[in-house]
Amino acid sequence: MEGLVTQIQGLSSTASDVALLQNTLKQADDALHAESTRLLPFLEQLDPSKHSLGYLYFLEACTSGPVSKEQASTFVLIIARFISSCAAEQIRLAPDKFISVCKRFKDQVLLLEEPLRGVAPMLTAIRKLQSAEHLTTLHPDFLLLCLLSKCYKIGLSILEEDIFEVDQPRDLFLYCYYGGMICIGQKRFRKALELLHSVVTAPMSTINAIAVEAYKKYILVSLIHNGQFSTSLPKYASSVAQRNLKNFCQDNNLGLVKQVVSSMYKRNIQRLTQTYLTLSLQDIANTVHLNSPKEAEMHVLQMIQDGEIYATINQKDGMVRFLEDPEQYKTCEMIERVDSSIQRLMSLSKKLTAMDELMSCDPLYLAKAGRERQRFDFDDFDTVPQRFNI
């Protein structure tokens with residue numbers, strides 16, 4: 001082990017030396033795991049910023065065995081320091097090792113019941129491991145830590161990035177499910193619907209628990225955001241999902257159910273704005289079936305604060321005056337927002353076109369499409385223009 005430490009110290013400066021060191025570490029990997037309980041002191045001789053690859057191999061072997069709660073406290077500190085200071089170009093030479101260490105780090109902060117300690121290091125780990133628009137296997141673990149520690153805003157920073165490459169289907173299911181729950185926590189219901197919809201309609205050969213739980217929340221969020229939901233799934237959802245995602249129960253979703261009830265009151269108040277210019281709080285309470293004018297006032301005030309309606313309340317006579325949207329859509333800020341959205345949509349359109357062209361030439365896709373052509377309905381195909389008919 002001492003000789004290996006010396007090699008790590010001497011072969012961590014240039015790319016050619018690191019490549020040579022990588023071969024040496026691969027050959028020594030079994031020996032490292034055999035001596036895993038005795039490796040912790042050797043980490044003190046290595047600098048995680050200079051000897052990142054060697055440090056990673058030693059650390060992965062150290063944490064490979066069972067870990068007690070007392071050991072977990074020590075390893076959490078060591079791994080967090082390593083993640084923050086390691087060189088990205090070196091740890092990418094052994095991504096599986098780095099992922100294993102990060103996943104054990106997540107397990108250890110959960111063992112300590114301190115998920116907040118894992119949020120910042122796990123985000124740093126994703127940044128060092130991730131290539132552009134790629135979903136790593138660490139994304140779901142990071143979002144889980146954000147959920148458990150209620151760091152919803154930090155989780156949103158990852159969810160706002162576009163993803164076009166996925167390695168494992170399970171990672172996508174968990175990423176979208178946890179992401180949907182984070183958006184619910186932030187009351188970003190439209191984004192939550194988008195993520196939960198991705199879980200429900202993703203390709204699957206057998207039904208899984210993640211999709212079932214996502215479907216339950218999808219229905220509740222649909223009720224909150226749209227006031228209704230459809231029991232039928234789109235045609236591109238898998239046949240497994242079409243057959244099995246029909247049963248719905250409200251287990252572990254009490255918080256969402258309460259929000260559904262609240263959203264029904266809000267939606268009924270919004271309907272009143274389409275009919276009346278002024279209305280008393282008592283009339284609102286009676287029409288919407290609230291218990292008192294005070295409760296109606298609280299709902300109206302919350303909706304005004306959230307920008308869901310535009311209104312003023314006269315405290316003297318208890319009258320509510322509904323107003324038009326004051327936004328004229330001609331300010332510089334609004335023009336910049338519209339332009340930014342247009343640019344993003346154009347970029348997305350180009351990527352989708354490129355992906356469509358790539359898929360249409362894929363031999364596996366063409367073979368599968370040919371075998372399953374009989375399953376499609378006639379309406380699934382575009383009609384051929386008359387001049388091309390033979």
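This is a predicted model: local features need pLDDT of at least 70, side-chain atom pairs count only at pLDDT 80 or more; totals for chains, interfaces and linings use all residues.
What is the order of the strands in it? The order is 3-5-4, in an open sheet of 3 strands with antiparallel pairing. Strand 3, residues 278–280, and strand 4, residues 311–314, stand at the edges; each has a single partner strand, so one side of each is left without a neighbour in the sheet. From one strand to the next, the twist averages 20°.

As a reminder, strands of a sheet pair through backbone hydrogen bonds, either parallel or antiparallel. Here, strand 4 and strand 5, which covers residues 319–322, pair in the antiparallel sense over 4 bridges. Strand 3 and strand 5 also pair in the antiparallel sense, over 3 bridges.

Some individual positions. Arginine 321 in strand 5 stands opposite threonine 312, and arginine 321 is also the bridge partner of threonine 278. Methionine 319, again in strand 5, is the bridge partner of asparagine 314.

What do strand 4 and strand 5 form together? They form a hairpin, with 4 residues between them. In the turn, glycine 318 has a positive phi of about 70°.

Helix 16, residues 281–288, lies across strand 3, strand 4 and strand 5, and runs at about 80° to strand 3.

Next, a lysine. Lysine 266 is found in helix 15, residues 254–273. Is lysine 266 buried or exposed? Buried means under 20% relative accessible area. Lysine 266 has 18%, so it counts as buried. Leaving aside neighbours within four places in sequence, lysine 266 is in contact with His299, Gln302, Met303, Asp306 and Glu308.

On to salt bridges. Side chains of opposite charge can pair when their charged atoms come close. The count for this model comes to 16 salt bridges. One of them joins the side chains of lysine 106 and aspartate 141, at 3.7 Å from N to O. This pair links distant parts of the chain: lysine 106 sits in helix 7, residues 95–111, and aspartate 141 in helix 9, residues 139–149, with the two 35 residues apart. Both lysine 106 and aspartate 141 are buried.

Glutamate 35 and arginine 38 meet in a salt bridge at 2.7 Å, N to O. Glutamate 35 is partly exposed, with a relative accessible area of 26%, and arginine 38 is exposed, at 56%. Glutamate 114 and arginine 117 meet at 2.8 Å; glutamate 114 is partly exposed at 33%, and arginine 117 is partly exposed at 31%. There is also a network of salt bridges linking Asp29, Glu60, Lys97 and Arg104.

Last, the whole chain. Its secondary structure comes to 19 helices and 5 strands. The radius of gyration is 27 Å, well over the 21 Å that the globule rule gives for 390 residues, so the chain is more spread out than a compact globule. The C-alpha atoms fill a box of roughly 85 × 75 × 50 Å along the principal axes. Buried residues make up 41% of the 390 residues. The chain exposes about 23,000 Å², and carbon and sulfur atoms supply 54% of that.

Methods:
Residues are numbered from 1 along each chain as its sequence is written. Side-chain values use heavy atoms; hydrogens and water are left out. Two strands pair if DSSP finds at least two bridges between them. Axes are lines fitted to C-alpha atoms, for helices over the stretch in contact, and angles run from 0 to 180 degrees between N-to-C directions. Contact means heavy atoms within 4.5 Å. The radius of gyration is taken over C-alpha atoms; the globule rule is 2.2 Å times the number of residues to the power 0.38. Buried means under 20% relative accessible area, exposed over 50%, partly exposed in between (1.4 Å probe, protein chains only). Accessible areas come from the Shrake-Rupley method with a 1.4 Å probe; for residues, only the protein chains shown count as cover. A salt bridge is a side-chain nitrogen of Lys or Arg within 4 Å of a carboxyl oxygen of Asp or Glu.
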